[in-house]
Amino acid sequence: MAKNWYPIIDKDKCIQCYQCVNFCPHDVYTIGDDGYPDVVNPDNCVEFCRGCSKVCDNEAITYFGDRR
């Protein structure tokens, strides 16, 4: 699992479809009080998986760790 690599949701691009929340088998996400997906367990993210960004039609997911 990754400590320095996890998803970041761009709320300007996110349409609250929750495909990322429903896709992730590692409980990285929850739905926040504002209705947007929140990354609540970043350490559960599998390094370089990118599955959630592949199911995001709006390209609203980038990854901390890619920004070096």
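A disulfide is a pair of cysteine sulfur atoms within 2.5 Å. The views below show a predicted model.

View 1. By the 2.5 Å rule, the count of disulfides is zero. Cysteine 17 takes part in no disulfide, and the nearest cysteine sulfur, belonging to cysteine 56, lies 6.0 Å away. Because 6.0 Å is not within 2.5 Å, cysteine 17 and cysteine 56 do not count as a disulfide. Cysteine 17 is partly exposed, at a relative accessible area of 37%. Cysteine 45 is likewise in no disulfide; the nearest cysteine sulfur is that of cysteine 52, 6.2 Å away. With a relative accessible area of 7%, cysteine 45 is buried.

**View 2. The largest cavity.** The structure has two cavities of 30 Å³ or more. The largest cavity has a volume of about 100 Å³. It is lined by 16 residues, and those closest to its centre are Cys14, Cys17, Cys20, Cys56 and Ala60. Cys17, one of these lining residues, is the partly exposed cysteine of View 1. Helix H1 (19-23) contributes at least two residues to the lining of the largest cavity, and so does helix H2 (51-55). By class, this lining consists of 12 nonpolar, two polar and two charged residues.

**View 3. The second largest cavity.** The second largest cavity holds about 80 Å³ of space. Its lining comprises 13 residues, of which Cys24, Cys45, Val46, Cys49 and Cys52 are the closest to its centre. Cys45, among them, is the buried cysteine of View 1. The lining of the second largest cavity divides into 10 nonpolar, two polar and one charged residues.

**View 4. The largest nonpolar core.** This core has 14 residues. The members that touch the most other members are Ile9, Cys20, Val28, Tyr29, Cys52, Ile61 and Tyr63. At least two residues of the core come from H1, and at least two from strand S4 (61-64). Cys20 belongs to this core and also lines the largest cavity.

**View 5. Surroundings of cysteine 52.** Apart from neighbours within four places in sequence, cysteine 52 is in contact with Pro7, Cys20, Phe23, Tyr29, Ile61 and Tyr63. Cys20, Tyr29, Ile61 and Tyr63 are also among the core members that touch the most other members. Cys52 is one of the residues closest to the centre of the second largest cavity, and its sulfur is the cysteine sulfur nearest to that of cysteine 45.

Methods
Residues are numbered from 1 along each chain as its sequence is written. This is a predicted model: local features need pLDDT of at least 70, side-chain atom pairs count only at pLDDT 80 or more; totals for chains, interfaces and linings use all residues. Side-chain values use heavy atoms; hydrogens and water are left out. Buried means under 20% relative accessible area, exposed over 50%, partly exposed in between (1.4 Å probe, protein chains only). On a 1 Å grid over the protein atoms alone, a cavity is a set of points where a 1.4 Å probe fits but cannot get out, and a pocket is an open set with protein on both sides within 12 Å along at least five of seven lines; lining residues have an atom within 4 Å of a point. Grid points are joined across faces, edges and corners, and a volume is the space filled by probe spheres set on the points. Helices (H or I, at least four residues) and strands (E, at least two) are DSSP runs, numbered from the N terminus. Ala, Val, Leu, Ile, Met, Phe, Trp, Tyr, Cys and Pro count as nonpolar, Asp, Glu, Lys and Arg as charged, and the others, Gly among them, as polar. A nonpolar core is a set of buried Ala, Val, Leu, Ile, Met, Phe, Trp, Tyr and Cys residues joined through side-chain atoms within 4.5 Å. Contact means heavy atoms within 4.5 Å.
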